Amino acid sequence: MAEVGRVRAKKACNPCRIRKRKCNGELPCKACIALQYPCSYEQRVRRGKFSRLLEKRANAPPENISSPSPSRADKQQQQQQDDPSTLPGSQLQLIEANSPAVFVRELGLKIAASAAPQLRHYSWNLRYATEDLSWTPQYLTLTEILSMEQMSELTSVYFAEVHPVYDFLDRQQIEELIGPRWMKGTVYDSSDSLLCGVAALGCLFSQSPSTLEEQLVQSARLALEHSSNLSNPSIHHVLGWLLRVIYLRLAGSPQATWIATCTLMHMIETIRLHFEPSHHSILAESMEDHDPERRRRIYSVARLFNTWVSFDCGRSPVELRGGSSVLPKDSWTVEQVQLWQSSDFLNPDRARTYAELLAEFHRLCALDPQHGMLQLIQCNIALCMCRRVRALRFHIPDDFFELFVALSRKSLATARRLASQKSPWCHVLNIPFQLSCTFLSFDKQDCFSLLDEALSTLHYVVEQYNTKSAVESYHVACWLATMKHRRRCEELDLLGSIIRSHDASLSEGATITPVPQDETSQYPELNLDFVNEFLSDQLSSLDQFPFAMP
């Protein structure tokens, strides 16, 4: 009879495995019964060859892992050491630097922390009105609100006022839509949001009755809300959203404007308007045939508004993956193209060095746009660059400051001229207010005369429009100037008391060698009499405005 070998257990229990005892693999096993141990087994999941291969790769040394080359990582680390703005924590700092609302808040905290203005979008536009959504009038179609003759007149106003600044519509195509739309009657049409947007902006610039403007805005809003539920919206809906964004930037609230710009970008993504025709991808296949130049104009203006509204609100713009960055080639002027490029330059996701910021600022100041709003846009970009430089704690050279002063004077004159025409462009209020705050932030005596110009222009805007937003902006600017003057006087009083105490000690017999005249001449005496006179004149006019300070 053959000898039977010892049977080995396939798996040992936990106590036997730890103590290295023989285990028969039963539950409980003989050893645990004899020694009175709690017998238990470890539950292991059976793994295949693929799982073991993944585990082997995960535990492999770094050189065996498929990863970016060390040289690239070293370059990124070296870039972060050379330029602090590339650090992840500084992205929020760059977003804050782009926002004028944050700048005003920080300026107030530095001057008078206990009573600083709240984080609000002062001087957002000349109206800063919110739509009364509780007021939902009976829905009226475009043909019930306007006659065809009125629509043609408002279209002419739009192309005379808005089109030279934001060129993305073709007048001939709009005029070709008007006749067939009125022949169709009161039935809803996909072009309603587009035509209502054109007419609403025409009303805004022609100072038409507010009731007519409100009806057009409400009709466009309802039509656009309907378009957001469509699986295949048309380019007319995209254009309607873009026109609504422009209207809200001139007459709506910051929150509503920002939400509208984000919706606009997603509508563009829905109809794939951000792709060039040369894209070879299934996702780039457009549902409509669009003229490439027209597509570039629409997408570029939409990106411009989403970028700047995001900057102003201190939020992140919508980035469409794979979107084209090709600008219009034939329809835009050189100034329009370069202003767009300067705006894109300030994207907080892209780190900019000190030299790059200075070079772009000089290139911006070299432009000479002819339209008044384009001149104010140029100044607004310069203000953002100035905030960016100061936020990164870079030195502002003298030639930078001289160019900024020249551009500021030109922009203040433009704002006053547009205000005399009762133009509703938002920067008519925004630029004088932001310049007032910027001049207060500079510790240069030359800025006091510029502050006088900025506040005087802001006061002129209040006299021309007399809206709550304009009055509030003027109040905040004058309050900041007053608080800085008060703080400077307190500092001078403290310095005066220190000097008087030391003068008393000198009178007791101590002597000191006087400094030669040629050395003291480089320290001129600080004279604040003209500042006191200016502030007393400005603040005396605040009593006529009952608006409460924050």
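Modeller: Glu360 and Arg363 form a salt bridge, in which the closest N and O atoms are 2.9 Å apart.

Biologist: What makes the contact between Glu360 and Arg363 a salt bridge?

Modeller: The term asks for a side-chain nitrogen of Lys or Arg within 4 Å of a carboxyl oxygen of Asp or Glu, and since the closest N and O atoms of Glu360 and Arg363 are 2.9 Å apart, the pair qualifies. The model is a predicted one, in which local features need pLDDT of at least 70 and side-chain atom pairs count only at pLDDT 80 or more, while totals for chains, interfaces and linings use all residues. Residues are numbered from 1 along each chain as its sequence is written, and side-chain values rest on heavy atoms, with hydrogens and water left out.

Biologist: How do you know that about one helical turn separates Glu360 from Arg363?

Modeller: Both residues belong to helix α16 and are three residues apart, which means about one turn of the helix between them; helices (H or I, at least four residues) and strands (E, at least two) are DSSP runs, numbered from the N terminus.

Biologist: Why is Glu360 called buried, whereas Arg363 is called partly exposed?

Modeller: Buried means under 20% relative accessible area, exposed means over 50%, and partly exposed lies in between (1.4 Å probe, protein chains only). Glu360, at 9%, therefore counts as buried, while Arg363, at 31%, falls into the partly exposed class.

Biologist: What makes the contact of Arg297 with Asp170 a link between distant parts of the chain?

Modeller: The side chains of Arg297 and Asp170 meet in a salt bridge at 2.7 Å, N to O. Arg297 sits in helix α14, whereas Asp170 sits in the loop between α8 (148-161) and α9 (171-184), and the two are 127 residues apart. Arg297 has a relative accessible area of 6% and so counts as buried, while Asp170, with 24%, is partly exposed. Asp167 joins Asp170 and Arg297 in a network of salt bridges, and a search of the whole structure finds 14 salt bridges.

Biologist: How do you know which kind of aromatic pair Trp308 and Phe311 form?

Modeller: The structure holds 10 aromatic pairs. In the pair of Trp308 and Phe311 the ring centres are 5.2 Å apart and the planes stand at 80°, so the pair is edge-to-face. The rule is that rings of Phe, Tyr and Trp (its six-membered ring) pair if their centres lie within 6.5 Å, with planes under 30 degrees apart counted as stacked, over 60 as edge-to-face and the rest as tilted. Trp308 and Phe311 both belong to helix α14 (residues 292-313), three residues apart, about one turn of the helix. Trp308 is buried because its relative accessibility is 11%, and Phe311 is buried at 2%.

Biologist: Why is the pair of Tyr354 and Phe394 called tilted?

Modeller: The ring centres of Tyr354 and Phe394 are 5.0 Å apart, but their planes stand at 50°, so the pair is tilted. This pair, too, links distant parts of the chain, with Tyr354 in helix α16 (residues 354-365) and Phe394 in the loop between α17 (372-391) and α18 (398-420), 40 residues apart. Tyr354 is partly exposed at 27% relative accessibility, and Phe394 is partly exposed at 24%.

Biologist: What makes Tyr166, Phe205, Phe305 and Trp425 a cluster?

Modeller: Ring pairs link Tyr166, Phe205, Phe305 and Trp425 with one another, and the linked residues form the cluster.
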